[in-house]
Amino acid sequence: MTFTTARASYRQINKLIIYYRNRHFCKSKTIARQEMPIKAALIDLSGTLHVEDQPTPDAVNALKRLRETGILIKFVTNTTKESRQTLLNRLRDIGFQLEKEEIHSSLSAAVEFVKKEQLNPFYLVSKDARTDFPPNDERKPMDSVVVGLAPDEFYYENLNKAFNILLSNKDHKLIAIHEGKYYKRKDGLALGPGCFVKGLEYSAGVSSILIGKPNEYFFKSALTGQDIGVEDCVMIGDDTKDDIMGAMKVGLKGIQVKTGKYLPDVVAEPPPTVMVENFSEAVNWILENK
């Protein structure tokens, strides 16, 4: 064997050693990640825990079973049609046991944003949701537009007013509480606020400020004050983009349920940690992997 041949063989062997060492390291990291304990569960509400006034299959008992584990529970929702108190009352009326402080909604996050920025917005939100926001200052002109799910408010004159407020000053903000494409009702899927946000963006030439899911800050703020890393947390939801892809991008595990707005043709990329039929099966998976 010549010196040149020997040196080439040495290089090949060295490459193989590095390859298998790195492969073993990556595999070890994956196993370690999978074995990390689940310390918190972020749970979507509409479509996951319930559809309007109907719990999803065995969801009430499943929530009780999950509480018995001692895992931290937060309900993270883009629901903007109802105030937090109305939402709490609705969930308790259909059998769920929860506290107001456990609800982390994009609506409450938007309220805090408006207060922090000292804005005087024009609101495209439902009358009930409007009660969560501070009153308008009638002495000042409106300087922003807040959009939530408000079927009764999305008519031409209101949208045109929002358009003109945004057009009048380039510093006026368009605040999207969320940009959902659609949501689940008893009679099927219904149009969400996303298309109205995008329409105002297009017409006024502005970019919206997204408050709720899949905003990274929204997921992380749900764990504020807790000594829990995102890698120790799971997100349970029906929305492929806002719940699953949004949470997994931040570092959470994603459990997708086939209830609510789930559509088999809308696929998460990367895929969810696990896909199950409903919330009750999601709890079963957590109990098996805790």
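Biologist: From which domains does the lining of the largest pocket draw at least three residues each?

Modeller: From domain 1 (40-78 + 222-289) and domain 2 (118-210). Those bounds come from an automatic or database domain assignment. This is a predicted model, in which local features need pLDDT of at least 70 and side-chain atom pairs count only at pLDDT 80 or more, while totals for chains, interfaces and linings use all residues. Residues are numbered from 1 along each chain as its sequence is written, and side-chain values use heavy atoms, with hydrogens and water left out.

Biologist: What makes a set of points a pocket or a cavity?

Modeller: Both are found on a 1 Å grid over the protein atoms alone: in a cavity a 1.4 Å probe fits but cannot get out, whereas a pocket is an open set with protein on both sides within 12 Å along at least five of seven lines. Lining residues have an atom within 4 Å of a point. Points are joined across faces, edges and corners, and the volume is the space filled by probe spheres set on them. On that basis the largest pocket comes to about 450 Å³, and the largest cavity to about 30 Å³.

Biologist: Which residues lie nearest the centre of the largest pocket, and what is its lining by class?

Modeller: Of 28 lining residues, Ser46, Thr79, Leu149, Tyr183 and Lys184 lie nearest the centre. The lining has five nonpolar, ten polar and 13 charged residues. Ala, Val, Leu, Ile, Met, Phe, Trp, Tyr, Cys and Pro count as nonpolar, Asp, Glu, Lys and Arg as charged, and the others, Gly among them, as polar. Strand E9 (182-185) gives the largest share, four residues.

Biologist: Which residues line the largest cavity?

Modeller: Thr79, Glu82, Ser83, Arg84, Leu87, Ile103, Ser105 and Leu107. Helix H3 (84-93) and strand E5 (103-105) each supply at least two of the lining residues. Helices (H or I, at least four residues) and strands (E, at least two) are DSSP runs, numbered from the N terminus.

Biologist: Why is Met275 called partly exposed?

Modeller: Its relative accessible area is 37%. Buried means under 20%, exposed over 50%, and partly exposed in between (1.4 Å probe, protein chains only), so Met275 falls in the middle class. Met275 is found in strand E14. Leaving aside neighbours within four places in sequence, Met275 is in contact (heavy atoms within 4.5 Å) with Gln256, Lys258 and Tyr262.

Biologist: What makes a set of residues a nonpolar core?

Modeller: The members are buried Ala, Val, Leu, Ile, Met, Phe, Trp, Tyr and Cys residues joined through side-chain atoms within 4.5 Å. The largest such core has 31 residues, of which Ile43, Leu66, Phe96, Ile255, Phe279 and Ile286 touch the most other members. A second, separate core of 29 residues includes Val114, Phe133, Ile175 and Ile211.

Biologist: Which residues does Ile286 touch, not counting residues up to four places away in sequence?

Modeller: Ile38, Leu66, Ile71, Val234, Ile236 and Ile255.

Biologist: Which residues of helix H7 are buried, and what covers them?

Modeller: In H7 (residues 194-204), Gly194, Phe196, Val197, Leu200, Glu201 and Ala204 are buried. Their cover includes strand E6 (121-124), strand E7 (144-147), helix H6 (156-168), strand E8 (173-176) and strand E10 (188-191). Just after H7, Gly205 takes a positive phi of about 70°.
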